[in-house]
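Here's a quick tour for anyone meeting this structure for the first time. Take a look at it, then read on.

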Amino acid sequence: MLPSYYEFHNPVKIVSGNKALDNLPSEFETLGAKRPMVITDKGVSGAGLTKIFIDSFASSGMTIGAIFDDVPPDSSSEVVEKITSIFRQNKCDSLVALGGGSVIDTAKGVNILVTENSDDLLEFSGAEMLKKPMKPLVVIPTTSGTGSEVTVVAVISDVKRNLKMAFTSTHLLPDIALLDPRMTLTLPPKMTAATAMDAMSHAVEAYINLQKNPMSDAYAVAAIELIRKNVLKAVSDGNNSEVRLAMANASTMAGIAFSNSMVGVVHALGHAAGGICHIPHGVAMNIFLPFGLEYNMPKCRENIAKLLLPIAGADVYARTPEPRRAEQMIHYLIELRKALNDLCGLPINLKQAGVTEDHLPEIAQAAMNDPSLIMNPREMDVNDALVILKKAFE
Amino acid sequence: MEEIKGFSNKILEINLTDKSWSISEASIKDREMYIGGKGLGMKLLYDRLKPGVDPLGEDNILIIMPGVMTGTGAPCSGRFEAIAKSPLTGIIATASCGGPFGIQLKTAGYGGLVIRGKSAHRCVLWFDHETVEFLDASDLWGLDTAETQKLLLASSTVKNTKSNLLDSVKVESADSKKEAILAIGPAGENLVRFANIASGHRFLGRGGLGAVMGSKNLKAIVAKGSHYKIVPVDSELFERLKKKANLFIKREAVTISMGKVGTATNVKFVNKAKMLPVWNYSFGEHDQAFRISGEMIKEKHDTKLNTCKPCSIMCGHKGKFNGKDAPVPEYETLTLLGSNLGIFDRDAISRFNDICNRGGMDTISAGGTLAWVMEAVEKGLVPHDVFAYPDNSHQVASDGLQQSESDKSAQYPLMFGSPCGIEEALESITKAEGFGKEMGLGSRALSQKYGGKEFAIQVKGLEMAGYDPRGSYGLGLAYAVANRGACHLSASLMAFEVFLGLLKPDTARAKPQFVKFVEDLTCSINALQTCHFTMYAYTLEPMLTKYTPKFVLKNLMLWLPEVALALFDFSIYPAFFSAITGIKMSSGDFIKAGERIHVLERYMNTREGIRSKDDALPERMVMETIIGDDKKRIVPLKEMLKKYYKLRGYNSDGIPVAKLFEQLQIPSEPCSIA
């Protein structure tokens, strides 16, 4: 049944293909930009990806205004300010984010300052505080998981003031998400698996929570199916371009899905565990996803059951009796986690991820304040959170 | 220690009905013609077993045979054979085992053990080189195979304790290393048609020989051997052959990988060849198959050797599963209780394996039957509420998730891809409780009652092993004509077609010739009684085959199979026979003996009613393609069968003709031994 009312917004142009990067100069031309600034990190440059990017500009006649390749793992306001200054000095007119979540959020932050002609991010923090159309921003993800290339969100730390600033605005949406498999070929197996399960958690939570809608459902289902078909190959045979491109597409689709329908308890717990015990986000998603689904089952059994189709395939779905589909969906997810654990050691419980049991109450408490809970199908209290955490512990 | 030069032809004959025993003598001629092990055992059975007897009745006869090599210390010779009429198939069942019983039987001075009749009371048969005892087994009844063996080995006064075996278990026995046990578990006691017999941690697996013991009220057999030393007649030649054999084993690829990771090494080959059984042979590959591969098991489960003794290949392993030591499940178990049920969780498969091993039943038939039930429930042939478990434990998935109260899954306790209910189902089979009692009859019997014969993956009542023949046509023919049913060891063509890549798998060409050759060679190997896996090392490492360029060998095998077969040098086997027994045997004699054994077994089966119509594969293999198979392969059985009969000397109904009996010097009438 269709919801009586919903909104869905995704104006990001997707440019996807084995040599998609080669089309970038003409895409900038279309956007009216002539001097893009490239924001990336040492890891990306070290893996030779920045060079591939530069080479793709070589014959175009277009000039790269500046390159900054020292974005730290956690995006901070200091770095944003530093890059903003370089952008201005070099008279750049557009941005390229080449990297993972931190690089993309940093680029979004830079875009806020250069567009608003400001030096203080804090004044724009919050929901829909940005009013002006922003500079052209092209995002080239080098991981397949965050979906930041298609989301309205950026999270940036203000180290001096000890704040974590969240920005949400449709203006933050990039103009182009460029998916080129060459950008993820060198991603190590464990990181590939963790980011893939991040994308999986986006798609699955998008499909079961309260703000779901037919558009987000379509993206979520397609993303899950692509992940199922490709994730094990991506982890075991990282050099396979076809598989890498599929995973990049899945991640973007999952991003579109969750940015329109929001996420739920899995993300709430994941953010809390990440904040307190510094578990990488993808690892936390991998750990909590089946337990979050199990918790939500009484409120959304039918939706979970429907996800058996993309996560296990048509044969399995058709041959599984309807009353068993929801449990089977979770079972298939659990088996997928075990397979990933076998392949690359991706932790499947909190203990393996280095969390000690005495941290669980603190994580449960922190999760209660996470905005992800707002659209979760089942209202979670701190005791429920603790029960889930204990199940996920060992 | 007294010596036996070569072999003993003394056969220990037991009658459980009147608790009597005697010793008979096998003839030298039979030794020459049938070698020992499976061969001589078959002849002993032929001379004693009347056609048409009830496999679970008093008249069935169970024969346990050591081989010529058993006890000599030759490489891979810790094996023995059992033969009887099968309660699962109604025809002859043979099974080979690498447990310790064979050596103790032989070093007690016997060349064979024949068990007839039925004991009025539950008993244990105990014997040494000079006497036989029939002990009360009331206290052992109901115990699993491991507990039974442990208690019997711990008892120092077994021989003298006729009233209560358990009274004596506290005394550690100095003699325990000289004793070995054959024991059945609850499955055998409850006449599960695919119950097996344990010896140590190895099993006489197929055909339900455990139920034959159960039907005779025979819980266990204890052999106290180590009285005789088995000495080869030509020890100098024997030592040279041992060195050569070990060299071959150390160099050959198949045996090397068996030693490194065990039979589970086959998973990767079979999955790649798209012939891995998945969902009752609906699919031929799975993207999670790597989880049950030998290589992954070795990496994740801290595996160590756990082999038959003596052994040079060392395929048996144990490792940590579910936090404790357990045998690494063999390839067949990983597929039939794993992939074929849609399960890739190694710890779960280890638990299923443990239930089967302790309960004493064949993992292949148990798994094949479970897969049939899953498909039959799915198709609505078997009502999904047939399972009535005493508690709700099956609602907890193996991953620890407690399913919600609204869960209706209890109504569908067995389904592909889910471990839920499998452990309870296996337990219910061993205990013959509820629907488990029906499952204990095997997939053929179930399909006869409920319908669904087309997906009962069995031949002649024996559930198929873990290789889909649509990926290996030669194996398809071998399954169809194997004497004991869908057996992968009668002629392991998948090794030549898939693992070694020597014979094109998806063609009928040359398959009848190779099936016949490998069947005959296998029979001789099982008569000499050494490990099946020596076949690759002993035939491929000799110079002629080793140094023939592979492409030449492959083309010869496909286009001129008779010429290619002449290149296979297996002379080390008859050389071992000659060195041990002092009886001259050529390669020709050896393969002829294998043919004789095979044809005799076939003839005995035709006396039980087997005809050409029974040499059939499940419909799925000849009518349906594997889902997603681009090549649309189905086994071209008819084409191969006709040629095979001709090569074998069978008539068009699959019966050996009189001329063949003359050629092979098989007596058309048994020398009736009452």
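Where does Pro310(B) lie? Pro310(B) sits in the loop between strands β15 (304-305) and β16 (317-321) of chain B. (Helices, H or I with at least four residues, and strands, E with at least two, are DSSP runs numbered from the N terminus.) This is a predicted model: local features need pLDDT of at least 70, side-chain atom pairs count only at pLDDT 80 or more, and totals for chains, interfaces and linings use all residues. Residues are numbered from 1 along each chain as its sequence is written, while chains are lettered from A and ligands numbered from 1 in the order in which they are written.

**Chain A as a whole**

- Chain A's secondary structure comes to 15 helices and nine strands.
- For 394 residues, a compact globule would have a radius of gyration near 21 Å, and chain A agrees with that at 20 Å. (The radius is taken over C-alpha atoms, and the globule rule is 2.2 Å times the number of residues to the power 0.38.)
- Along its principal axes, the C-alpha trace of chain A spans about 60 × 45 × 45 Å.
- Of chain A's 394 residues, 57% count as buried. (Buried is 20 or more other C-beta atoms within 10 Å of a residue's own, exposed is 12 or fewer, and partly exposed is in between; C-beta atoms are placed from the backbone.)
- Take the contacts in chain A between residues at least 6 apart in sequence: 80% of them join residues at least 24 apart. (Two residues are in contact if their C-beta atoms, placed from the backbone, lie within 7 Å.)

**The two domains of chain A**

- Chain A is divided into domain 1 (13-182) and domain 2 (188-393), with bounds that come from an automatic or database domain assignment.
- The C-alpha centres of domain 1 and domain 2 of chain A lie 27 Å apart.
- Where they touch, 17 residues of domain 1 of chain A are in contact with 21 residues of domain 2 of chain A.
- On the domain 1 side of that contact in chain A, β1 (13-16) and β9 (176-179) each supply at least two residues.
- That domain 1 side of chain A divides into seven nonpolar, nine polar and one charged residues. (Ala, Val, Leu, Ile, Met, Phe, Trp, Tyr, Cys and Pro count as nonpolar, Asp, Glu, Lys and Arg as charged, and the others, Gly among them, as polar.)

**A closer look at Val221(A)**

- You'll find Val221(A) in helix α7 (residues 214-236) of chain A.
- Val221(A) counts as buried because it has 20 C-beta neighbours inside 10 Å.
- Setting aside neighbours within four places in sequence, Val221(A) is in contact with Tyr207(A) and Pro310(A).

**Chain B as a whole**

- The count for chain B is 28 helices and 19 strands.
- A compact globule of 674 residues would have a radius of gyration near 26 Å; chain B has 24 Å, which agrees.
- The C-alpha atoms of chain B fill a box of roughly 70 × 65 × 45 Å along the principal axes.
- Buried residues make up 61% of the 674 residues in chain B.
- Chain B is divided into domain 1 (2-231), domain 2 (279-458) and domain 3 (467-661).
- The centres of domain 2 and domain 3 of chain B, taken over C-alpha atoms, are separated by 30 Å.
- Their contact takes 11 residues from domain 2 of chain B and 13 residues from domain 3 of chain B.

**Two helices crossing in chain B**

- The axes of helix α2 (residues 37-46) and helix α19 (residues 511-528) of chain B come within 4 Å and cross at roughly 90°. (Axes are lines fitted to C-alpha atoms, for helices over the stretch in contact, and angles run from 0 to 180 degrees between N-to-C directions.)
- That makes α2(B) roughly perpendicular to α19(B). (Angles under 35 degrees count as roughly parallel, over 145 as roughly antiparallel, 65 to 115 as roughly perpendicular and the rest as oblique.)
- Gly37(B), Lys38(B), Gly39(B) and Leu40(B) in α2(B) meet Cys523(B), Asn526(B), Ala527(B) and Leu528(B) in α19(B).

- Most residues other than glycine have a negative phi, and most peptide bonds are trans.
- The peptide bond from Lys309(B) to Pro310(B) is cis, with omega near -5°.
- Cys76(B) is not a glycine, yet has a positive phi of about 55°.
- Gln529(B), in the loop between α19 and α20 (534-540) of chain B, has a positive phi near 65°.
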